[in-house]
Amino acid sequence: MSSSSEIYSVAIIGGGPVGLCASILLSVRGKSHVLFERRPSTSIHPKACGINQRTTEIFRKLGIDETVYAVSGPPEVTGRTAWYTSLSPEGKEIASRYAWGAGPYAEEFSRYSPSKYVVLPQIRLEPILKQRAQELNPDALKYRAEVTDVREEEGDNYAVLQVRFDGKESEEDVRARFVICADGGRSFTDKLGVRCRDWLGEKDIYNMTTAHFRSPLSKFHSDPRNFITWFSHPDLGGSMQTGFLYQIGPWPAGPEVEEEWVLVCMSGATHSERLDKEAAVKRIRDTLRLPDLPIEMLSLSPWNVNAIYAKRYRATKRVFLAGDAAHRIPPWGALGMNTGVQDVANLIWKLDLALQDEAKYGALLDSYDTERKPIGERVGRTSLHNLRSHSLVMDAALGMSADKTPAENWAALNAYFDPAHPEHARRSSARRRRSTPSSRRLVRRWAGSTPRRTSTAKARRAGMTAS
Ligand SMILES: Cc1cc2nc3c(=O)[nH]c(=O)nc-3n(C[C@H](O)[C@H](O)[C@H](O)COP(=O)(O)OP(=O)(O)OC[C@H]3O[C@@H](n4cnc5c(N)ncnc54)[C@H](O)[C@@H]3O)c2cc1C
């Protein structure tokens with residue numbers, strides 16, 4: 001094991017969007033730092049797409065907002081969302097609406113901030129962040145560098161990170177006054193356990209797969225203006241089982257540009273089930289009901305839905321958790337990465353002051369925990385509520401459920417589409433409710449008072465109760 005005598009102001013573990021933003025924010029403040037990322041470069045999975053206005057405000061400070069806007073999705077394909085049975089010629093739109101600051105919401109969003117809500121997948125955002133981080137500090141980012149341990153001795157004014165470079169056997173000690181753990185919560189923090197850390201909330205709720213693929217899908221979609229299309233197919237037992245589809249550019253689009261899409265779906269009933277490439281291709285075609293759809297699979301990513309947050313964001317005196325290392329937020333609300341970027345925007349200026357005078361400002365660092373933890377908790381809870389609304393509101397209003405036979409689900413859906421059906425007026429409330437900002441009232445109504453209801457007790461047994 002070798003060791004350098006340099007003491008960095010800050011060491012960042014993880015070069016995802018949160019770690020990269022932390023690096024840029026430190027550079028903007030002229031702070032020496034180092035970032036360790038175990039992969040060779042940025043992520044290959046599209047993941048986050050929705051970038052909210054608070055985050056683009058921070059991007060303005062980082063000097064990348066205009067670059068991000070230039071390659072983000074244009075409003076004509078990112079401002080609407082819809083619910084469909086399938087994209088086949090027989091497929092039907094159940095409901096659709098404007099979202100994400102588009103259409104009737106544009107004026108309201110512009111009142112909150114001059115910065116824009118934009119759609120750009122993480123695979124195209126991270127290279128922008130990486131380039132900016134390297135522009136400001138060419139030596140800070142260390143790729144193929146895995147942190148394997150962090151130690152903090154009583155009385156030392158630094159922490160020691162153990163780092164393995166380029167997959168070598170040997171490790172090096174690196175010292176830093178403060179450490180930001182932005183490792184996504186999957187490897188370092190979970191395996192090694194940062195002291196005083198625990199997870200609160202609901203864990204491993206659903207077992208999901210994200211499939212990223214090329215396909216000329218817009219010509220099969222009856223309304224390609226929809227950014228996210230949710231599917232609720234009677235044969236598959238409703239929306240959570242069926243999945244959702246979103247388009248990810250690349251933008252600007254052009255005749256030479258091949259369309260990329262993402263399908264997110266449940267992988268199976270047990271947490272060990274994973275979709276391989278062949279199964280994922282079949283699943284996409286089955287969900288969309290397009291048996292001959294040309295598909296070039298680009299990446300598959302398994303993940304679990306969690307709504308959890310760390311008990312302490314200031315894990316030790318010198319180690320701070322940020323982003324997914326501090327909270328895992330179900331993506332139904334597009335807030336995981338946004339919350340993480342906003343975590344480090346809160347933390348970095350405080351670290352800057354503590355680096356200047358730790359005796360005076362050391363205690364200020366506790367306010368990172370006080371201010372950010374309730375946000376991580378609340379955002380996790382509301383995002384989980386959004387997810388469950390698909391089963392408890394949309395499917396329940398339509399009369400569909402995974403417990404019913406396909407024939408029963410078809411009968412319920414036919415009532416929704418047939419104006420002459422006696423159930424039609426009640427079932428079509430799903431369309432009206434999807435246009436309202438809050439679905440809580442309908443959760444109560446459909447979970448508690450209809451003949452084909454999903455009882456609260458049954459919903460709880462199925463892990464679906466709204467929190
Ligand atoms: C399908 C899906 C859709 C989503 N959509 C949205 C959305 O629209 N908007 C939104 O805000 N969020 C969204 N999210 C969530 C978002 O992707 C995450 O919140 C975000 O990636 C968290 O960023 P991070 O930097 O904290 O962690 P990660 O992106 O997980 O990055 C952590 C990095 O740390 C590295 N690392 C791990 N361990 C070590 C180690 N020991 N040493 C060195 N490096 C290490 C990893 O290789 C990785 O690069 C979505 C997620 C999914 C799955």
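A crossing of two helices is left-handed if the near helix is turned anticlockwise from the far one by less than a right angle, and right-handed if clockwise. In this predicted model, α1 passes α2 in a left-handed crossing.

**Helices α1 and α2**

- Two packed helices are described by the angle between their axes and the distance between the axes.
- For α1 and α2, the angle is about 45° and the axes lie 10 Å apart.
- Angles under 35 degrees count as roughly parallel, and 65 to 115 as roughly perpendicular; α1 and α2 are therefore oblique to each other.
- On the α1 side the contact is formed by C21, I24, L25 and V28, and on the α2 side by F59, K61 and L62.
- Sorted by class, the residues of this contact between α1 and α2 are six nonpolar, no polar and one charged.

**Helices α1 and α10**

- Helix α1 covers residues 17–28, and its axis comes within 9 Å of that of α10, with a crossing angle of roughly 30°.
- Helices α1 and α10 are therefore roughly parallel to each other.
- The crossing of α1 with α10 is right-handed.
- From α1, the residues P17, V18, C21, A22, L25 and L26 take part in the contact, and from α10 the residues M337, G340, V341, V344, A345 and I348.
- The contact of α1 with α10 comprises eleven nonpolar residues, one polar residue and no charged residues.

**Helices α2 and α10**

- Helix α2 spans residues 53–62 and helix α10 spans residues 336–356; their axes come within 9 Å and cross at roughly 45°.
- Helix α2 passes α10 in a left-handed crossing.
- In α2, the residues R54, T55, I58 and F59 meet N338, V341, Q342 and A345 of α10.
- By class, four nonpolar, three polar and one charged residues make up the contact of α2 with α10.

**The cavity**

- The count of cavities of 30 Å³ or more comes to one.
- The largest cavity holds about 80 Å³ of space.
- Its lining consists of M208, W230, F231, S239, M240, G243, F244, V264, C265, W332 and H390.
- At least two residues of the lining of the largest cavity come from each of β13 (226–233), α8 (239–242), β14 (243–247) and β15 (260–266).
- Of the residues lining the largest cavity, eight are nonpolar, three are polar and none is charged.

**Backbone features**

- Most residues other than glycine have a negative phi, and most peptide bonds are trans.
- The peptide bond that joins G249 and P250 is cis, with omega at about -5°.
- P250 is placed in the loop between β14 and β15.
- A cis peptide bond also runs from W251 to P252, where omega is near -5°.
- P252 lies in the loop between β14 and β15.
- K47 is a residue other than glycine with a positive phi, near 40°.
- K47 is found in the loop between β2 (33–37) and β3 (50–51).

Key:
Residues are numbered from 1 along each chain as its sequence is written. This is a predicted model: local features need pLDDT of at least 70, side-chain atom pairs count only at pLDDT 80 or more; totals for chains, interfaces and linings use all residues. Side-chain values use heavy atoms; hydrogens and water are left out. On a 1 Å grid over the protein atoms alone, a cavity is a set of points where a 1.4 Å probe fits but cannot get out, and a pocket is an open set with protein on both sides within 12 Å along at least five of seven lines; lining residues have an atom within 4 Å of a point. Grid points are joined across faces, edges and corners, and a volume is the space filled by probe spheres set on the points. Helices (H or I, at least four residues) and strands (E, at least two) are DSSP runs, numbered from the N terminus. Ala, Val, Leu, Ile, Met, Phe, Trp, Tyr, Cys and Pro count as nonpolar, Asp, Glu, Lys and Arg as charged, and the others, Gly among them, as polar. Axes are lines fitted to C-alpha atoms, for helices over the stretch in contact, and angles run from 0 to 180 degrees between N-to-C directions. Contact means heavy atoms within 4.5 Å. Angles under 35 degrees count as roughly parallel, over 145 as roughly antiparallel, 65 to 115 as roughly perpendicular and the rest as oblique.
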